[in-house]
Amino acid sequence: MPIDTIRLQKRREICLKLKERLISSLDIPYKPDDISDDIPLIGSGLGLDSLDILEIVLCVENNFSVKMPQNGMHALRSLNTLVDYIIQQQDKQCAN
Amino acid sequence: MRELTLRSRWAARGAKFGSLCGAECVESFGDVAGELFAIRNTAALCDFSFSGVFEFDEADGAEFLDSKLAANILKLRYGKVIDTFLANRAGRIVAEVFVGNADDKIVAVSEQIDGSAALELAAGASADLSGSRVLLSVDGPLAWKVVREVFGSDILNLSFLSMEKYDFEGACVFLMRNGRTGEFGYQFLAPSEVADSLCEKIEAALGGVGGRVCGFGAHEIARMEGNFFNVYKEGVRAGCPLELGLQWMADFEKESFSGSEAILSKRESGLKRRLTGIMSSGKLEVGCALFDGAREVGVAVAVSESPSLKTNIGLALIDAQIAMPGVGLSPLPGAPVSVSTVSRPFIVAESLKRGMED
């Protein structure tokens, strides 16, 4: 089964855009390349706190036209789980 | 080999002993799946006294550690803990180090894979406490209840990567909140003289929540499932902190740290491989190559069965161009796809769902 390059490219773009927006809105002292896709968002890793979570939610809703659920902590476990959530929601929007 | 202070206590409970970088450890109590179940569902006590423990005087110690470790230790505030690494001159990780600022002392707790790491830290320390302290870890969604039973409700105010000093039978015990399983996690750093009675109290509290003792084997699986770095697994086999995705443990703005020249040079030239989570329908071996069709694109650096997920999970260094979730690979050239790259953490921790609610 060949690798789905279109899907990978879409994911790469979302991931980069999310990193750039988070760096800018949360004043994170790293370049996008320094942020691993699996980096934990809360606690270790980026070490964001509960106020930062609000910023992330706004960042996702404003930049990706995706609504974050009230209890969306599972999507905020890492950058990759957040990208998974964004893609899943965008796919749902396309299907409707 | 440095023997565990609580060896006879663990032996009486059926411990299977092993060693980690010249120090004894409890690998398991004969039921790794049951021990992991306790970490994921109640609480488990694990003896981490195989770690190196070093004490530093505040001002000189901070400068010394800052010159060696990747994080900016000079920014470490009172009562806080920094998770960072020590690298060798070639830029390979040799230890994961937690540095805490408490009282007028700085305490460094290290998991090291190389004897030189301990020597390097000891060189600037006012005391090497590795043999005279025990380090006990309590992890699980109910770990906070266990620790509250020992030190009172005050511990509920302890945020992640913080530490506090407590009195226990006249001895100074440091409590750190620095779990590495995805669940709530606390570590007690206590003088050997009170190790048995502290352990007695912790175990009594564990009994109250249906918890148990566990070995480091269960912890290692929990770390992998929960997306926490393990210097003894992927640390040994991958080595490069950038490929391992540990840039967040480093401050690239500071002047230098041990191994910084090699690390910064690699950062400049860009990464060819990145650590990626994998799931496999078949059992994989460490060192196993991974293929996209006939093209070799990666290598497994840590593998485990996950009793929580009932499948094989692992970490692989994958060609940076495709190191992202959703890629199908195979362990033999041209073979059917049986391995897929996935997002980490592999699990949704129970602590995240339950929170700290009675």
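**Reading pockets, cavities and cores**

Tutor: Let us begin with the lining of the second largest pocket, whose residues divide into 13 nonpolar, 11 polar and 4 charged. The model is a predicted one, and every value discussed here is computed from it.

Student: What is the volume of the second largest pocket, and which residues lie nearest its centre?

Tutor: The volume of this second largest pocket is about 840 Å³. Its lining is made of 28 residues, and those nearest the centre are Ile42(A), Gly43(A), Phe160(B), Arg177(B) and Leu352(B).

Student: Which helices each supply at least two residues of that lining?

Tutor: They are α2 (50-64) of chain A and α10 (350-354) of chain B.

Student: Which residues are closest to the centre of the second largest cavity?

Tutor: From the 16 residues lining the second largest cavity, the closest to its centre are Ser36(A), Asp37(A), Asp38(A), Arg274(B) and Leu275(B). The volume of the second largest cavity is about 120 Å³, and its lining divides into 6 nonpolar, 5 polar and 5 charged residues. Strand β14 (residues 273-280) of chain B gives the most to this lining, with 3 residues.

Student: May we turn to the nonpolar cores, beginning with the general idea?

Tutor: In soluble globular proteins, nonpolar side chains tend to be buried together. In this model, the largest nonpolar core has 84 residues, and Leu18(A), Ile56(A), Leu82(A) and Phe85(B) have the most contacts inside it. From chain B, domain 1 (7-223) and domain 2 (272-344) each provide at least three residues of this core.

Student: Which residues does Leu18(A) touch, not counting residues up to four places away in sequence?

Tutor: Leu18(A) touches Cys59(A), Val60(A), Phe64(A), Leu79(A), Leu82(A), Val83(A) and Ile86(A). Among them, Leu82(A) is itself listed with the residues that have the most contacts inside the largest core.

Student: Is Met163(B) buried or exposed?

Tutor: Met163(B) is buried, because its relative accessible area is 4%, and the cut-off for buried is under 20%. This residue is found in strand β10 (residues 162-168) of chain B.

Student: Which residues is Met163(B) in contact with, leaving aside its neighbours within four places in sequence?

Tutor: Met163(B) is in contact with Gly79(B), Lys80(B), Val81(B), Gly100(B), Asn101(B), Ala102(B), Leu158(B), Phe174(B), Leu175(B) and Met176(B).

Student: How far apart in sequence and in space are Met163(B) and Ser28(B)?

Tutor: These two residues are 135 residues apart in sequence, and their C-alpha atoms are 28 Å apart in space.

Note on methods
Residues numbered from 1 in each chain as written. Chains lettered and ligands numbered in written order. Predicted model: local features only at pLDDT ≥ 70, side-chain atom pairs only at ≥ 80, totals over all residues. Heavy atoms only, no water. Core = buried A, V, L, I, M, F, W, Y, C linked by side-chain atoms within 4.5 Å. Buried < 20%, exposed > 50% of the residue type's maximum accessible area, 1.4 Å probe, protein only. Domains from an automatic or database assignment. Contact = heavy atoms within 4.5 Å. 1 Å grid on protein atoms, 1.4 Å probe; cavity = no way out; pocket = protein on both sides within 12 Å on 5 of 7 lines; lining within 4 Å. Points joined across faces, edges and corners; volume = space filled by probe spheres on them. Helix = DSSP H or I, 4+ residues; strand = E, 2+ residues; numbered from the N terminus. Nonpolar A, V, L, I, M, F, W, Y, C, P; charged D, E, K, R; others polar.
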